[in-house]
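Let's walk through this model together, ring by ring and then strand by strand. Keep the viewer open as you read.

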Amino acid sequence: MMKNLIPVIITKNNKKDFKEIVFYFTSQKERIFVRNDIIQLFRQYCDVKKKTNKFREYSSIFTFLKRVQELFVCEDHIFINHRYAMGKYRFYLLSLDGEQMEEIDLLTYLNSKDYLATHKKNKDNHLRLDFMPFYDFSPSIRDIRTIGNGIRFLNRFMSSNIFSRPREWNKHLFEFIKLHKYNEQQLLVNGSLIKDFETLIEELEKILRWLKKKNPEASYKTVEVKLKKSGFESGWGNTVQRAIETMQILLDLINEPRDELLEEFISRVPMPLISKIAIISPHGWFGQTNVLGKPDTGGQVIYILDQVRALERHLFQEIQMQGLEVKPKIIVVTRLIPEAEGTTCNKKKEKIFHTDNSWILRIPFRDRQYNTVKHWISRFKIWPYLENFAQDAFSELTSEFQGRPDLIIGNYSDGNLVASLLSDRFDVIQCTIAHALEMTKYSHHDLFWQEKEEDYHFSLQFTADLFSMNKSDFIITSTNQEIIGTEDTIGQYEAYLFFTLPELYQVTNGINLFAPKFNVIPPGVDETLYFPYYQTEHRIENNTKKWEKRLFTEETDDICGSLDHPDKPAIFTMARLDKIKNITGLIEAYGMSKKLQKEYNLIFAAGTIHIEASKDMEERKEISKVYRLLEQYNLYGSIRWLPSINKGDTGEVYRIIAGRRGIFVQPALFEAFGLTVIEAMASGLPTFAPKFGGGLEIIEHGKSGFLLNTSKPELIAKSLESFLDCCRKDDHHWQEISQNGIERVQKNYNWNTYSQRLINLTKLYGFWRYAVSGPGMLELDRYCDLIYYFLIKQRAEMIV
């Protein structure tokens, strides 16, 4: 008989309460509960029984329950998923009377979930996906606090190996240095003259003695002939001094390997030269004007366009400092939509504003007869088109770059799938950026996937995520919680550790969170667009007046609502109009609070006010819900509903709202990061963001902004009312939060740092791929390929 764990977990004086709580759960109509449900039911029990605060917060029952991520009632037992530490789980079987609890294994837990969903006993006959055996080539991070800093871990690992296994690793380093060329021009070391590692050291010492006698400010061109004769090619620096510094760093690294020296050396040299980048983002309306707020079109477009501008600036400066005359080129690959609806999405090639050589390249979706698909398609239904799209993208990029790119960056599930296919064909470094993984957005997403398959095709999306995150050389996230979560909540990538899609497959190890491929690099804000409201010298008076009129008084057929008191401060938000963004939740919170209505207007920019203009099912439902809420709470004199605002105007809109002592609320049910959050903060708006997602790391609650429980409208209203009360008591409260938000963004979120770190990552993982992971990843790649051809490709072809 298995050991009863109740006496171990629940203290003796809490045993009676534990049994009552078990009965409380089993008496509910629902059969499956996630963490928020569990905590809420526990609180309800405490209210009914009039339990003390000590019991609520410190009892052994709450200590256990607050780490339960999921439990479900199935036949005569309760099955419990207990996350006892970040990324670590145990599973329990609890009797319905609360008397007996024993530990079970993951397979038993997943099989029981399958039975709950299907009422079929499969006799353990499942397809199971397990990626963990294929990570034996990679070192594992031991300290959970260093997850998200893979580059530092790899630097330490490789520099340690250079020290402990110098012969092997110095050979890797030498071979990698002499490997690099640009358009057949040899870079750094001429292997015909410097044939081995020992010769490299000897020639480095000689040339350094000679260079130190020259004018340090002289151009590299003045010493180029001598260096070529000694076996050194271009790429060491644009001046004598920079060449000396770079060569000295390499010599120091060889003599005394340290992780900071390895990172500094790789960051300074074209190893490889990164000058051609392909960024993949197929879905939505990818353009520079008139697209924000359209279905599937929001923060990801802003992120990529700002990313491109920052990367191009950084690459230009870096290549120049390396002493090379190479013009960087960045191409964003997206979908061409012939029925463009007033956008430029029907234009094959479009230069990106404020860049020198960066472009949007649009490639059409083609059906099975290879005919161009003319209309927009939801991101949930584009899977049948992506393989042909990748093939066409390969040809177009080869032509545009006159060869292959140096780096491919994927975005979201569809873009990462295409990036993986392209990376395989080009044999280049792949970077994955998820932005938001759908796995954590929808309740019981895996268990009842078949019910949502026609609309969402989650079976394809989750499988594509597994494919690309395991294929990728490195993964970028905006926050650490995206990877590993917090003490109380699971991370987006952590959600892929194990799950089941009943009657399709079970995942027992979906991703190795402790592999050093994860790196946290938060994006920045464009400081020319988003600056504090009080910097009036940078604002354009006519533009301010135009937007004041549009926000508060203008009557046009694309704006809904009027303001009886337009001078009142405003609660402002903007986002796509979909269920997850939860703008209707904010409207309902405002509608049920007379206090908020008395002190604030509500202004939101989202999609369109015309339901017939929307082709997206979810958006149409939300539009109908907005109108229903406006009628229910009679809000027409205190709200303004504007269409989505072009990015170039959003900064001034934030500043206008801030100038009237308004606030910004991001009411999403889940937000992986939240670019609008840092943009609003940078502009001086006190900002409220959901505590479910990236806001946890952006905002210091109560100091630089506020974290919201957005799961219920009344909780949103309560937080906003609390802020209002504080402002009444303290005239400086609004100003303090505003200024602290500005300073936090200026300190932590800038594109220059982002770009430098991304390019450094590309180089470091290039060396890692060459020295270690390339051969080691071969088996993992082949496993992923099987998943692509026998799951993703086949299921995509089934979509009509």
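A charge sits over a ring if NZ of Lys or CZ of Arg is within 6 Å of the ring centre and within 35 degrees of the ring normal. With that in mind, look at Tyr84: the charged end of Arg90 sits over its ring, 3.8 Å from the centre. Lys121 likewise lies over the face of Tyr115, at 5.5 Å from the ring centre.

Before going further, a word on the ground rules. This is a predicted model, in which local features need pLDDT of at least 70 and side-chain atom pairs count only at pLDDT 80 or more, while totals for chains, interfaces and linings use all residues. Residues are numbered from 1 along each chain as its sequence is written, and side-chain values use heavy atoms, with hydrogens and water left out.

Now to rings that meet rings. Rings of Phe, Tyr and Trp (its six-membered ring) pair if their centres lie within 6.5 Å; planes under 30 degrees apart count as stacked, over 60 as edge-to-face and the rest as tilted. The structure holds 49 aromatic pairs. In one of them, the ring centres of Trp169 and Phe767 are 6.3 Å apart and the planes stand at 90 degrees, so this pair is edge-to-face. Trp169 belongs to helix H8 (residues 166-177) and Phe767 to helix H28 (residues 751-797), so the pair ties together parts that are 598 residues apart in sequence; helices here are DSSP runs of H or I with at least four residues, strands are E runs of at least two, and both are numbered from the N terminus. Trp169 is buried, with a relative accessible area of 2%, and Phe767 is buried at 0%, where buried means under 20% (1.4 Å probe, protein chains only).

Phe232 and Trp236 have ring centres 5.9 Å apart and planes at 80 degrees, so they too are edge-to-face. Both Phe232 and Trp236 are buried. Elsewhere, ring pairs link Phe380, Tyr456, Phe458, Phe462, Tyr496, Phe499 and Tyr505 into a cluster.

Finally, the sheet. Strands of a sheet pair through backbone hydrogen bonds, either parallel or antiparallel. Here, eight strands form an open sheet in the order E11-E12-E10-E9-E13-E14-E15-E18, with mixed pairing; two strands pair if DSSP finds at least two bridges between them. Strand E11 (349-351) and strand E18 (518-520) are the edge strands, each pairing on one side only. E11 runs antiparallel to strand E12 (residues 358-364), and three bridges join them. Glu350 has Ile360 in E12 as its bridge partner.

How values were computed. Buried means under 20% relative accessible area, exposed over 50%, partly exposed in between (1.4 Å probe, protein chains only).
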